[in-house]
Amino acid sequence: IDGAKQVVENYKPRIEIDPEWEMVELGVVAKPQYGFTERAKDEGDARFIRITDIGSDGKLIDTDQKYINLTREAEKCRLKRNDILVARTGATYGKTMIYEDEYPAVFASFLIRLQFDLTKVFPKYYWIFAQSENYITQAASLMTGGGQPQFNGNALVKIKLPLPPIETQMQIVFQIENEMEGVNTNKHLIKLFEDKIKDRIAKVWGE
């Protein structure tokens, strides 16, 4: 269990940057859009995605779901598959999520959606880059504010992104997704063996 946890906790995707690749500021290839302001409810037409819904792995958390009703204004912030969301405030500033579901969902105001020039950026490539140490270091240097960190759209567009051709971006995504499958295998092992320990303890105590 300890060995598997080390793999999970220490893994971060790493993109080997070719010196010949163009380095561009994010604002050249993407536009930031702020989310929708509304009070979350237990029921509604669409899931309301908040900062707290972003997991440590950059994926959407399925628990504690909240909802809103789809108004004309809310529709402007309705998510599409493979949309990229970035947390812009709080302790998780800069945390980046990819939306991979199909059901109706709207993103909240403390999140930023990046709308990419799809001829230049494969969204999942950017999402992988945003899990790397390179990105994390840049985000920390661009963060503003004291007690409540702010990583607004003006800061986000200054992130420098290594930009290989689209085909290369897709190859990188394929390679790193294979690595992530190995990490996920370790997550399953952790749960499997923790459950075995619980079962063994229960038998010892006659439960």
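Which residue is the bridge partner of Leu-85 in strand 6? In this predicted model the partner is Met-97. Residues are numbered from 1 along each chain as its sequence is written; local features need pLDDT of at least 70, side-chain atom pairs count only at pLDDT 80 or more, and totals for chains, interfaces and linings use all residues. Side-chain values use heavy atoms, with hydrogens and water left out.

Strands and helices are DSSP runs numbered from the N terminus (strands: E, at least two residues; helices: H or I, at least four), and two strands are taken as paired if DSSP finds at least two bridges between them. Strand 5 (84-87) is joined to strand 6 by three bridges, and the two run antiparallel. Strand 5 also pairs with strand 8 (residues 111-116), in the antiparallel sense, over four bridges. In that pairing Ala-87 stands opposite Leu-111. From strand 5, Ile-84 and Val-86 point one way and Leu-85 and Ala-87 the other, and all are buried (under 20% relative accessible area; exposed is over 50%, and partly exposed lies in between; 1.4 Å probe, protein chains only).

The loop between strand 5 and strand 6 (96-98) contains Arg-88. Arg-88 is buried yet has no salt bridge (a side-chain nitrogen of Lys or Arg within 4 Å of a carboxyl oxygen of Asp or Glu). The nearest side chain of opposite charge, that of Glu-73, is 14 Å away; Lys and Arg count as positive and Asp and Glu as negative, while His and the chain ends are not counted. A polar atom of the Arg-88 side chain does lie 2.9 Å from the backbone oxygen of Ser-109.

A further sheet, which is open, consists of three strands in the order 4-3-7 with mixed pairing. Strand 4 (67-68) and strand 7 (105-107) are at the edges, each with a single partner strand, so one side of each has no neighbour in the sheet. Strand 3 (residues 46-49) and strand 4 run antiparallel and are joined by two bridges. Here Arg-47 stands opposite Tyr-67 of strand 4.

The structure holds six aromatic pairs (rings of Phe, Tyr and Trp, the last by its six-membered ring, with centres within 6.5 Å; planes under 30 degrees apart are stacked, over 60 edge-to-face, and the rest tilted). Tyr-126 and Tyr-135 form an edge-to-face pair, at 6.4 Å centre to centre and 85° between the planes. Phe-129 and Tyr-135 are likewise an edge-to-face pair, with 6.0 Å centre to centre and 75° between the planes. Ring pairs link Phe-116, Tyr-126, Phe-129 and Tyr-135 into a cluster. Both Tyr-126 and Tyr-135 are buried, and Phe-129 counts as buried because its relative accessibility is 1%.

Tyr-135 also belongs to helix 5 (residues 133-142), where Tyr-135, Gln-138 and Ala-139 are buried. Seen down the axis of helix 5, its buried residues fall within an arc of 100°, so they line one face of the helix; the arc is that of the directions from the helix axis to the C-beta atoms. Thr-137 and Ser-141, on the other side of helix 5, are exposed.

Tyr-34 is placed in strand 2 (residues 30-34). With a relative accessible area of 38%, Tyr-34 is partly exposed. The C-alpha atoms of Tyr-34 and Ile-98 are separated by 16 Å, the two residues being 64 residues apart along the chain.

Methods:
Polar contact = N/O pair within 3.5 Å; in protein donor to acceptor, adjacent residues only side chain to side chain.
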